[in-house]
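Here is a short report on a two-chain model. Have the sequence and the structure open while you read.

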Amino acid sequence: MTNLQLLALLPFMVLATAAVVVILLIAFKQSHTVIQVTGFFMMCAVVLAMWFVRDTLPREVPPLLVVDGLAALFTGLIIFSVLVVGLLSYIYFEEREENPKEYYILLFLATLGAAVLTISRHFISFFIGLELLSVSLYALIAYLRNRNNAIEAGVKYLMLAALTSAFLLFGMALIYMETGSMEFTAIGNAITKSGTSVLFLMGIGLIVVAIGFKLALVPFHLWAADVYQGAPAPVTAFIATVSKIGVFAVFVRFAQAIHLHENALAVTVLTVIAIACMIAGNVLALMQQNIKRLLAYSSIAHFGYLLVAFLSGDAGVGAGVFYLLAYSITLLSAFGIITLLSTRRKDADELSGYRGLFWRNPLMAAIFTVALLSLAGIPLTAGFPAKFFILTVGVQQHMWLLAVVLVLTSVIGLYYYLRIISTLFASPPLSPAKEKSLHPLFYAATYTSLVVLMFLLAWLGIFPGFIIDNVQEFLVIR
Amino acid sequence: MILVLMIGILLVGGLTCWLVAQRYPLMGRLIALIAVIIAFLLPVGWYAQYASELTVTGNNWLIDYQVNWIPAFGISFHLAMDGLSFIMILLTFLLGMLSVLCSWNEVREKTGFYFFNLLWTLAGIAGVFVAMDLFLFYFFWEVMLVPMYFLIAIWGDFNRRYAAYKFFIFTQTGGLLMLLAILALYFIHAQQNGGQFTFDYFALLNTTFDNNVTARWIMLGFLIAFVIKLPMVPLHNWLPDAHSEAPTAGSLILAGLLLKTGAYGIIRFVLTLFPEASASIAWWAMLLGVVGIVYGALLAFAQTDLKRLIAYTSVSHMGFVLLGVFAFREIALQGVVMQLLTHGVSTGALFVLAGMLKERLHTRDINQMGGLWTAMPHMGALAMVFVMASLGLPFLGNFIAEFLILMGAFEVSPVLTIIASAGLVLSALYSLRIMQKVFQGQLQTVSEPPKDLSAREWIIMASLTATIIFLGLYPQPVLDTVQGFVAQLARSNL
């Protein structure tokens, strides 16, 4: 390994160090605040490291890893999301748990797993990254072990994730048997030379099942609502953003390497999955009274939209990245509001608890409203250009069926987003006074970051050009 | 630049209202009024200065302002104004000022947020009338939707949430179909012009379609969005609910302005971008227009809820618009523009009257009204003017509009025109029923007789009355202003 290769991996090494530093800190000083602040600075260090190494990209680190523009983009998204999740975790756990320190170790390990996924170009690194992510998530989901839902959610995730790991390994083995290689590019070369066999297709199918599970695509979505509901709010935000971004990144890279878009069967299957996601996600969310479950179903629908970009091939990658960015900011601000409203005993997930929020706390309600409008894809918010770009690439590739389904299901989606919004603006019940026990500084910090997120949504909604240009620039680095 | 300023003032004014009203609840309405007046004076002052120059040069476009917005996708921030846009802008701000005035006392809680929504709706509508980039047009199309949703959902009547949903989902469905159609047009244009991607209206005008099927589908995408807003009969379902549940200013804006965006869209985009495709469905559109005229009038006659009644009259009047537009005759198109103006004024006035009655009697049921003329002679007389306008009495604006439309349509389809004229008889029926039920007959037992108009209400009604009479007696300035656009349109579609 040359110096330059080592240098390119610097951000990921800093990320790994973050977990170690937290472990050491627990040994010396058991203060939540110290750990939180240190974690924050470590994440900032990762961002700095990334900026520092940007000129050395793209850099292959054979056989396992490659750090290129795509990886940098997705890792950036992941780190950005973790920064916000970390901030939310503080006020959430400080209210509940005596000892939330191990939480941060798990959080950073899971982040590392997702980051490794973005740079993997080999089945081994793919699998290691995915396991690092999943194993940390088992514990994270069930972290508040006194709650019934948490244990249920954790076990559910554990069972299904273990099962899909088996599927994934089996799929990898089949592909290895057919092509004799585990490197993505080598597999791609092998099949262009000799064509695809039935076993190879089965292998691809099994890998798609595993990825579909992680992204909660229909019909592998059954865990999503329960896990979203049972997990602590910041962890739910983490699952909805970081873990999905990581898996999506590796899926994009894998598909590009093996030319998945040229395989008619795979395209058909993915098209069916995308349509099923859009329809099922939106329809199941219609009658939900629980906001976390509702967001789970809505995220299923959103990954259906994202698949439309994915199916457009290389042209769709830029649109997909932009969509993920808009989607992460939106979801993080929504979960931020849920976190802020949660009490010691219970997460604020009942829709009825949000009644009249606008008249009690206009700022929170405004942030939540903007986030919901962005999810619904209304102009002036980031969701609109995001959906627009996806439609653009969809229409460009003449995927009319997908485009029409996307449009019609977004209208269904509108209904339940509006339902929440009109609840926020309904006349308030007699409001229970909320106890605030923490140092106001942390509330101020959280509020500030949420307001920043809201402005980011508006900025992306009105001037998406700047980000689009930058994304395209990064995507060229390969 | 003046157009940017005009929209910017409304947006900034809306935000200021919201912020200031947190501290001083009564300041919000004042700021809102000032903002709308400035936005009104900007284009008017500009027009007064340059109008004469333009007729000499023969150029239709008065202002053209363009800057890059998202160059990667060929999206620009392109605003332009011609005679048609100017007329629509004028109507927007006239009704805008009145809508601020008529919510002066009606809205008592959350005033800041109310005026914020009101001004942003107006900004969206103004934007729709001047946007010359299809992406920007869609953007404004949606921007006017969300605040309107809030206006209905928060300050509406008893059944407001249902009405607000219905309004939003109907219009959004149409909007998204339009977005798909815009994208299809965008790529077809780019294919023909060697990958020059642009959403610019003037560039897209040069698109030609190699087969009629594609053109018709894309045209339908646009048309569905517009006829939902208009509304055309099978798609009019959202309108009675939204109009009757909205607060007075909301009904005024809905009837006076939002419906007009649909008509404007058909004239500006459907007819010019797809001349052949729209000619091929013209007969069907005219038929549906006539069905709307008759059906709307019959339903209006059957209503007991005053605001619902007025809402159905809109369906009937907008049928004339559809009939006139798809006749493709210069005279009919001029009638359509007149109809947009006069319907905005007269129906708006009727909604304001209904709002005033509701403020006094706390009901919209016309069976519980009656004999109000003795208590409120002034209001009765003014109501008489607008009821007469609505049934198409000569000297009032609506007569000119409907007359021109029927005259233009007669050349194309005498049968449909005759049925449409019969619809005018029905309009006399429902209009007179309003007068009889509300102002004449036995005085219902009311604990204390309601007060007649206040000074503020006088200002509102007087300006509307003056406008409708002026349009009825001397419509020439309006016809002259839109002449250039309409003549060109009629030429290219014949």
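A crossing is left-handed if the near helix is turned anticlockwise from the far one by less than a right angle, and right-handed if clockwise. By that rule, helix 16 of chain A passes helix 19 of chain A in a left-handed crossing. The model is predicted.

**The helix pair**

Two packed helices are described by the angle between their axes and the distance between the axes. For helix 16 and helix 19 of chain A, the axes come within 10 Å. They cross at roughly 35°. Helix 16 of chain A brings A:Leu363, A:Met364, A:Ala366, A:Ile367, A:Val370, A:Ala371 and A:Ser374 to this contact. Helix 19 of chain A answers with A:Tyr447, A:Leu450, A:Val451, A:Met454 and A:Leu457. By class, the contact of the two helices holds 11 nonpolar residues, 1 polar and no charged.

**The interface of chain A and chain B**

How many residues of each chain are in contact? The count is 37 residues of chain A and 35 residues of chain B. The size of an interface is often given as the accessible area lost when the parts come together. Between chain A and chain B, the buried area is about 3300 Å². Carbon and sulfur atoms give 86% of that area. How many salt bridges does the rule find across this interface? It finds 0 between chain A and chain B. Polar contacts do occur there: 4 residue pairs, both partners at pLDDT 80 or more.

On the side of chain A that touches chain B, the elements that give two or more residues are helix 15 (357-360), helix 16 (362-376), helix 17 (383-396), helix 18 (400-424), helix 19 (440-462) and helix 20 (465-476) of chain A. Helix 18 of chain A gives the largest share, 13 residues. The residues on this side of chain A divide into 25 nonpolar, 9 polar and 3 charged.

**Salt bridges**

Side chains of opposite charge can pair when their charged atoms come close. Over all chains, the count comes to 15 salt bridges. One of them joins A:Glu183 and A:Arg121, with the closest N and O atoms 2.8 Å apart. This pair links distant parts of the chain, 62 residues apart. A:Glu183 sits in the loop between helix 7 (148-179) and helix 8 (184-194) of chain A. A:Arg121 sits in the loop between helix 5 (101-119) and helix 6 (123-141) of chain A.

**Backbone exceptions**

Most residues other than glycine have a negative phi, and most peptide bonds are trans.

| Cis peptide bond | Omega | Loop holding the proline |
|---|---|---|
| A:Val218 to A:Pro219 | near 5° | between helix 9 (198-214) and helix 10 (224-230) of chain A |
| B:Leu230 to B:Pro231 | near -5° | between helix 9 (212-229) and helix 10 (238-245) of chain B |

A:His259 has a positive phi, near 55°. A:His259 lies in the loop between helix 11 (233-258) and helix 12 (264-285) of chain A.

Terms used:
Residues are numbered from 1 along each chain as its sequence is written. Chains are lettered from A and ligands numbered from 1 in the order in which they are written. This is a predicted model: local features need pLDDT of at least 70, side-chain atom pairs count only at pLDDT 80 or more; totals for chains, interfaces and linings use all residues. Side-chain values use heavy atoms; hydrogens and water are left out. Contact means heavy atoms within 4.5 Å. Buried area is the accessible area (1.4 Å probe) that two parts lose on being put together, summed over both. A salt bridge is a side-chain nitrogen of Lys or Arg within 4 Å of a carboxyl oxygen of Asp or Glu. A polar contact is a pair of N or O atoms within 3.5 Å; within protein, one must be able to donate a hydrogen and the other to accept it, and residues adjacent in sequence count only if both atoms are side-chain atoms. Helices (H or I, at least four residues) and strands (E, at least two) are DSSP runs, numbered from the N terminus. Ala, Val, Leu, Ile, Met, Phe, Trp, Tyr, Cys and Pro count as nonpolar, Asp, Glu, Lys and Arg as charged, and the others, Gly among them, as polar. Axes are lines fitted to C-alpha atoms, for helices over the stretch in contact, and angles run from 0 to 180 degrees between N-to-C directions.
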